[in-house]
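Subject: Structure handover

Hi,

Here is the structure I said I would pass on.

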Amino acid sequence: MQRRATRRSGRLDPGFYQSINYLLNDEQDLAVDSLIEQLGIDESTFDTYLALGALVRRRGEVDKAINIHQNLLARPDLSPTKRAQAELELANDYLGAGLLGRAEQLLVEMLARIGSARDEISRKAKQQAQVLLVGLYERESDWANALKVVKPLLKLAPAYPVLAGHFCCELALEQLAQAPPALAGAKQALAEGRKLAPDSARVALVSGRLELAGLSEGDAKNKSACKAALKYFNRALALDADLALDLLPYVQRACELLGDNAPLAKFASSTLDSLADGAESNTGMPVQLLLAQAELLRSSDGDAAAHAMLLSALGQVTSVKQLSALLAHLDVETLSTALPAGLHETLVQHLGDLAESIRDFRCSNCGFSSSTRHWRCPSCQQWGEGRAVV
Ligand SMILES: [Zn+2]
């Protein structure tokens, strides 16, 4: 890129008028190139350059944007404010180009330089750098650093405590996934999660899971751990009824370890009651909960009672998924008195195929569907937008 080193003071370059001409003729590419070439960098053109850089970045010409912002930063006489502005733009260029390492280095150095300066401009620049860094560490799944950088931002917007909660959960799950599981590290991450994000249903869910980790049948410690776990699960359910199906297997496991099905019965009936009350009318009836209830009834009152319960549930069905799951669990002999021969099998087969094609989770932000719950949507990258489809 060629540039005039000096600029005649008080008079605009003829090239500037050429640039305006291009703009007026809707020839934006030429206008941008011409502006970059004609404008010398000084105090009065700094903002124009910044705006140009951001413009070419938005147009996808990241290399050009990087070039502009690097040229700005090469000036020795930049004020601290202007330096920070140009650095933030350059960091955005790097992020746009996928040069995460360079963006990280730039932002970390910038934060170190600003340090604890208290003036408004430094404070703002620092905050913007931190916001960019959080996004960068999220992209790299570097949860420890993401958590570290998000902490000073907690009061900035309600979204940041929510993010902090997810970062703590991710950290805890990483620890749990190690062989053998690093329980102490996971515990520490979740304790922090409960402090930073007290209203996070996911933090409660993972906290409960952690209580159950490493327990085996017949252990004397089980009782207190299972009780603690169930408390977390109930808290998670109270915070987000949509998690009922995510919680179910863990509630079942806790009851197994306890040797007592009463908490499961309570969990299933209170969930179904709250759904029936319409408190969460968009969630629908999770059939797995009904089936769990029917299993409990089978062991206490026998097959006929369980079957009668499932039959009566057929009346509340509102989706193919629910109908398919229920029909598959109703036995053929009883149904055949109500349905023509062979119809039950045909229905189960076809409904099963159909239900299979309906994904179990859907992002309420962008509509991305999947068969497993993604806490962070792979499509729109939003946290906690997945909703169970029942
Ligand atoms: Zn999404």
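**Helix α5 and its end**

Gly98 comes after α5 and has a positive phi, near 75°. Please bear in mind that this is a predicted model.

Helix α5 itself covers residues 80-97. Its 18 residues should span 26 Å at 1.5 Å a residue, and the end C-alpha atoms are 25 Å apart, which agrees. Which residues of α5 are buried? They are Ala84, Gln85, Ala86, Glu87, Leu88, Glu89, Leu90, Ala91, Asn92, Asp93, Tyr94 and Leu95. The cover over these buried residues includes α3, α4 (62-73), α6 (100-114) and α7 (120-139).

**The chain overall**

The protein chain has 19 helices and three strands. It holds 390 residues, of which 35% are buried. Take the contacts in the chain with a separation of 6 or more: residues 24 or more positions apart account for 51% of them.

I looked at two helix pairs, both involving α13. Two packed helices are described by the angle between their axes and the distance between the axes.

Start with α12 (residues 222-239) and α13. They pack at an angle of about 160°, and their axes are 10 Å apart. The two helices are therefore roughly antiparallel to each other. The crossing of α12 past α13 is left-handed. On the α12 side, the contact residues are Asn222, Lys223, Cys226, Ala229, Leu230, Phe233, Ala236 and Leu237. On the α13 side, they are Ala244, Leu247, Tyr250, Val251, Ala254, Leu257 and Leu258. By type, the residues of this contact divide into 13 nonpolar, one polar and one charged.

Now α11 (residues 201-212) with α13 (residues 244-258). Their axes come within 11 Å and cross at roughly 30°. That makes α11 roughly parallel to α13. Here too the crossing is left-handed, with α11 passing α13. Leu205, Gly208, Arg209 and Leu212 of α11 meet Asp246, Leu247, Tyr250, Arg253 and Ala254 of α13. These residues divide into five nonpolar, one polar and three charged.

Leu247, Tyr250 and Ala254 of α13 meet α11, and these three residues also meet α12.

**Helix α15**

Helix α15 (residues 287-301) has 15 residues. From first C-alpha to last it reaches 20 Å, close to the 21 Å expected at 1.5 Å a residue. Its buried residues are Val287, Leu289, Leu290, Leu291, Ala292, Gln293 and Ala294. After α15 comes Gly302, with a positive phi near 95°.

**Backbone points to check**

Where is the cis peptide bond? It runs from Ala179 to Pro180, with omega near -5°. Pro180 sits in the loop between α9 (159-177) and α10 (183-196).

Two residues other than glycine have a positive phi:

- Ser141 has phi near 50°. It lies in the loop between α7 and α8 (143-150). Ser141 is exposed, with 10 other C-beta atoms within 10 Å.
- Gln381 has phi of about 70°. It is found in the loop between β2 (369-370) and β3 (386-388). Gln381 counts as partly exposed, with 13 C-beta neighbours inside 10 Å.

**Two pairs across the sequence**

Is Glu43 buried or exposed? Glu43 counts as exposed, because it has 11 C-beta neighbours inside 10 Å, and the cut-off for exposed is 12 or fewer. Glu43 lies in the loop between α2 (28-38) and α3 (46-58). Its C-alpha is 9.5 Å from that of Ser79, and the two residues are 36 residues apart along the chain.

Asn71 lies in helix α4. It counts as partly exposed, with 16 C-beta neighbours inside 10 Å. Asn71 and Tyr49 are 22 residues apart in sequence, and 9.7 Å apart in space, C-alpha to C-alpha.

Best wishes

Note on methods:
Residues are numbered from 1 along each chain as its sequence is written. This is a predicted model: local features need pLDDT of at least 70, side-chain atom pairs count only at pLDDT 80 or more; totals for chains, interfaces and linings use all residues. Helices (H or I, at least four residues) and strands (E, at least two) are DSSP runs, numbered from the N terminus. A residue is buried if 20 or more other C-beta atoms lie within 10 Å of its own, exposed if 12 or fewer, and partly exposed in between; C-beta atoms are placed from the backbone. Axes are lines fitted to C-alpha atoms, for helices over the stretch in contact, and angles run from 0 to 180 degrees between N-to-C directions. Angles under 35 degrees count as roughly parallel, over 145 as roughly antiparallel, 65 to 115 as roughly perpendicular and the rest as oblique. A crossing is left-handed if the near helix is turned anticlockwise from the far one by less than a right angle, and right-handed if clockwise. Two residues are in contact if their C-beta atoms, placed from the backbone, lie within 7 Å. Ala, Val, Leu, Ile, Met, Phe, Trp, Tyr, Cys and Pro count as nonpolar, Asp, Glu, Lys and Arg as charged, and the others, Gly among them, as polar. The expected span of a helix is 1.5 Å times one less than its number of residues.
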